[in-house]
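The following exercises concern the structure shown below. Each task is followed by a solution in steps.

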Amino acid sequence: MNAGIAQLQMQFRDYTISLYQQGFLDDQFTELKKLQDDGSPDFVAEVLLLFFEDCVKLIGNMARALDKSTGTVDFSQVGASVHQLKGSSSSVGAKRVKGLCVTFKEYCEAQNYEGCVRCLQQVDIEYKTLKTKLQDMFNLEKQIVQAGGVVPQVDID
Amino acid sequence: MSLLHVLGFGVKIGNFFWMLCCWFVSWFVDGGIEDKSSLLAGSVGDPEKTKMTTMKKKNKMWFWNRISSSGLKIPSFSYQFPGSVKFNKTFWRNVVIGWIVFWVLVSIWTLWYFSSHAMEKRKETLASMCDERARMLQDQFNVSMNHIQAMSILISTFHHGKFPSAIDQRTFSEYTDRTSFERPLTSGVAYAVRVLHSEREEFERQQGWTIRRMDSHEQNPAHKDDYDPEALEPSPVQEEYAPVIFAQDTVSHVVSLDMLSGKEDRENVLRARSSGKGVLTAPFPLIKTNRLGVILTFAVYKRDLPSNATPKERIEATNGYLGGVFDIESLVENLLHQLASKQTILVNVYDTTNSSQPISMYGSNVSADGLERVSPLIFGDPFRNHEMRCRFKQKPPWPVLPMMISLGMLVIALLIAHIIHATANRIIKVQEDCDKMELLKKKAEAADVAKSQFLATVSHEIRTPMNGVLGMLHMLMDTELDVTQLDYVRTAQASGKALVSLINEVLDQAKIESGKLELEEVRFDLRGILDDVLSLFSAKSQQKGVELAVYISDRVPEMLIGDPGRFRQILTNLMGNSIKFTEKGHIFVTVNLVEELLESIDGETASSSESTLSGLLVADRQKSWKNFKAFSSSNGHRSFASSPPDINLIVSVEDTGVGIPLEAQSRIFTPFMQVGPSISRTHGGTGIGLSISKCLAGLMKGEIGFSSTPKVGSTFTFTAVFSNGMQPTERKSDPQNNNQPIFSEFRGMKAVVVDHRPARAQVSWYHFQRLGIRVEVVSCVEQALRYMKTGTGTVNMILIEQEIWNREADAFIKKLHKDPLVQSPKLVLLAKSVDSSIDALSTGIDPPIVIVKPLRASMLAATLQRGLGIGNRETPQHKGPPALILRNLLHGRKILIVDDNNVNLRVAAGALKKYGADVVCSESGIKAISLLKPPHEFDACFMDIQMPEMDGFEATRKIRDMEEEMNKKIKNGEALIVENGNKSSWHLPVLAMTADVIQATHEECLKCGMDGYVSKPFEAEQLYREVSRFFNSPSDTES
């Protein structure tokens, strides 16, 4: 039993580190985790939920705004959404999404339609990937907790 | 006389010309400038119209006043001119053309006027000459006529009245010859007697010749030269005859001719006897001479007739006829010869009895100019009319003078036109240039703006990635690295930091250049700032072994009001330079009041090497401010008058570095100028720092100067004006009481400084007395010991310079052993650098406390506290990690977070909650405003800047407005001071949350009333820095 927990913990740690190493997450996520304490046990999950909801909403907005069939492309609206998304992603530490948003924003300012569409697709893929990855991580966490273990603090350095 | 006339006319013209000029100028000044709207709008090409409107507007009086005074106004009008009127090229061309046309007309008129005058003159001359001649001719004719009449009386008396006759042909001819001078115009006289047919025979017999007729030779005028009287036929039978019986010798050939037989003569004779007056024939060729002549005939009567006798009576009473021959041609010639100027004038005499066919009596038909004068000649015969026609022989001369005058006028007018034209052209050109300049200026300004923007943008763009680089490097340094790697990373980070500071400098320079740099006005602690700057350079100075020291005069107030950041910047620049170029010796910063220096300046003697901080020679400090305006007034009476609230600081940074080469000293404050190209390579830097410092000093109403001696060192001095930040009550109290409460534990302590260098001792004294420690300065150890023995009160510390300690430590320790003091004081060593061999010496006594210079209050306090083992009360609180302090600061605070981004909101809220704050969230600025309407219970607000609908700036502005309103109400007593606090005024700390940390954004934040900004996501340290500015720790507020 103990060995199982230890193994789970090991797995969790490795997985988390891999997420950092692959650039999905950054320090801000660590900070976020630090904010979670007994007073707000599901803080990270809540924030992430908000974030992904935001993503869905904003990507939907942008897709609509970039849809040429409805008429002209409203770059300013896209820009606003990207800005929001960038803010959100930097707050949760979604590094890749954030990086994409920066590029996206540049394209948007340059009114590069092709670039925008490409970025939008990438962002869409990226946040979904992140979501599954984090889902996995939370599942692991849950397993550890269920097994009666303590979720280890992962030191990224 | 004509010259006088011309002169008068010239004066007249000149006057007219002047008036015209005046009028033109006045109209120009008036119409061209004051009424420019009408001028430009209505009638650019029609100056006349404008002139009229202008004229109408002003009354006549004004106009004349204007003319008389406009001459004086000309110079001034050129001043009011620029900018007031847009010059129109066509308008001015029209003016010039109009002017020229006008003057051409004027000059033509002048020419005409003069020539007509001359003509008139000529006419008058001609008339007077002609009349004169006519009168003379007439007079002489009359004289002749009178004489002939007198002769007729003579004949009537002596020929007919006497019997036998007293006159015969011989007597007559002799008499007439001798009296011919009496008849200047007659060539001869003859007397014909009236003979009726019945008396013919007897008469012929008596005379001895027959009466002959004269027709034949009248019909034969060709043979005038071979005139033969004998060839004439005897007169045919007539009713009566008038044969000539007496004749003057000149006309003796007419004797015996019947006068009635000649056509002209007969008519003459008949007319003469019926009228009883002298009668003239028409001119006709005379007998024999065949010259043109006129015969005057008088009738001789038998008795005196009454003047009203009828013609019939006269005919009956007729006895004979006396005729005088006038050879007009020769006579007139003679007459004219008597008068001068025959050459200039041409005279013709005509018989105009038949006015349609005048008979020329004298003069050739030479054609001359059209000018002709006709004078009537009255020869006493009413039946015949004569006239004299005179003409000039020469054509009138060219009117040179009028031509010259008009030409001259024209030339002057043309010159003036040229001047006007040139002026107008020049003005237009200048205007065009001005416009061009304006355009260029605008362009340049635009370029400047663009430059600033570019600089700002580029700097920002560079800074953002640089921050990334620096952050990454920072993180990299925390990873496991070997020594070489660590060194590389450190170098990279240092370079990055240098780059960022360089960018900041460039930004500063750009800002100063565009005049956008504004100084803050906040209270600050000058000593604290100097301590900060000192600590900044302490590592470097220790590493180099250069002594770094600060001395601030007592008279400088604790708190000043000004821009600490910029003051610090100047200081950092100067000290940075000093430390860069100083390898040994010292860097000494002194801060004094200007007044203080002025008082002591005269007493100060030239510095010897011993009196400086490190014992090395320094550049003369006084020289560095000798060019300051504040000092430059004459000796003794310096006009440095400072208003009481102003604090005039003078700050010197003295070093013992390489100095500045003489040739480079002049360009030291020029941006981007360095001593030489090699300097930037060996020492780095942009050369912009001093230039910025100079600008900043200028902004602080101060000056900057330096004096430098190569190989000895440099001293930079600057002045700055601040306001006193002390309350008047605070100022009066003992300066030692003003020291920060942290150092209160040292109050009342006593220390002895052992130092033989007064300058250095003074620095030590300054720093220790700041802590509240009373300090006595002695020059050597012996003295110190003596003082301790004799002095009153206990001495807590002996402060010994490392230099002295190294020299005298053994002796000192020995002495101390030999003669132990009652309460052994703590030994404190003042060391230049950490690496010193103190430990080896410290045997037998308590290891001395080592204080590594530069001395600064906080460090001093900490070291002493540690060394003396006192006052640990406050340290933990301040030395704890920021998170802990943050917790203290934020615990229980009610904070509003405004962000449109849910995720951000949640994260920020989480972060603040973690520090124990009571967080309220708001998704929009509008909602935030409604929440923050005073009175409310919030302690702070974190505001996102970029939000839809209402951004952070605007929201803050609105909040500030509301607060102000509330404050006003409180002031007026309208609103009660609310329950939740003893707030007398509302000012909620509002902090911006922003992802980009641009300087411009920061400024924008401050401008709209925000108190600071924190970057997103929150960093504990930054958050602490910002928050601590507003919140005192809870314990503070409670106490």
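**Exercise 1: Chain A**

Of the contacts (heavy atoms within 4.5 Å) in chain A with a separation of 6 or more, 65% are between residues 24 or more positions apart. The model is predicted: local features need pLDDT of at least 70, side-chain atom pairs count only at pLDDT 80 or more, and totals for chains, interfaces and linings use all residues. Residues are numbered from 1 along each chain as its sequence is written, chains are lettered from A and ligands numbered from 1 in the order in which they are written, and side-chain values use heavy atoms, with hydrogens and water left out.

Step 1. Chain A has six helices and zero strands (DSSP runs, H or I of at least four residues for helices, E of at least two for strands, numbered from the N terminus).

Step 2. Of the 157 residues in chain A, 44% are buried (under 20% relative accessible area, 1.4 Å probe, protein chains only).

**Exercise 2: Strand β1 of chain B**

Task: Which strands does β1(B) join?

Step 1. Strand β1(B) covers residues 186–193, and seven of its eight residues are buried.

Step 2. β1(B) runs antiparallel to β8(B), residues 318–326, through seven bridges (strands pair if DSSP finds at least two bridges between them). Here B:A192 has B:Y321 as its bridge partner.

Step 3. β1(B) is also antiparallel to β4(B), residues 244–247, with three bridges. B:Y191 stands opposite B:F246 there.

Technical notes:
Buried < 20%, exposed > 50% of the residue type's maximum accessible area, 1.4 Å probe, protein only.
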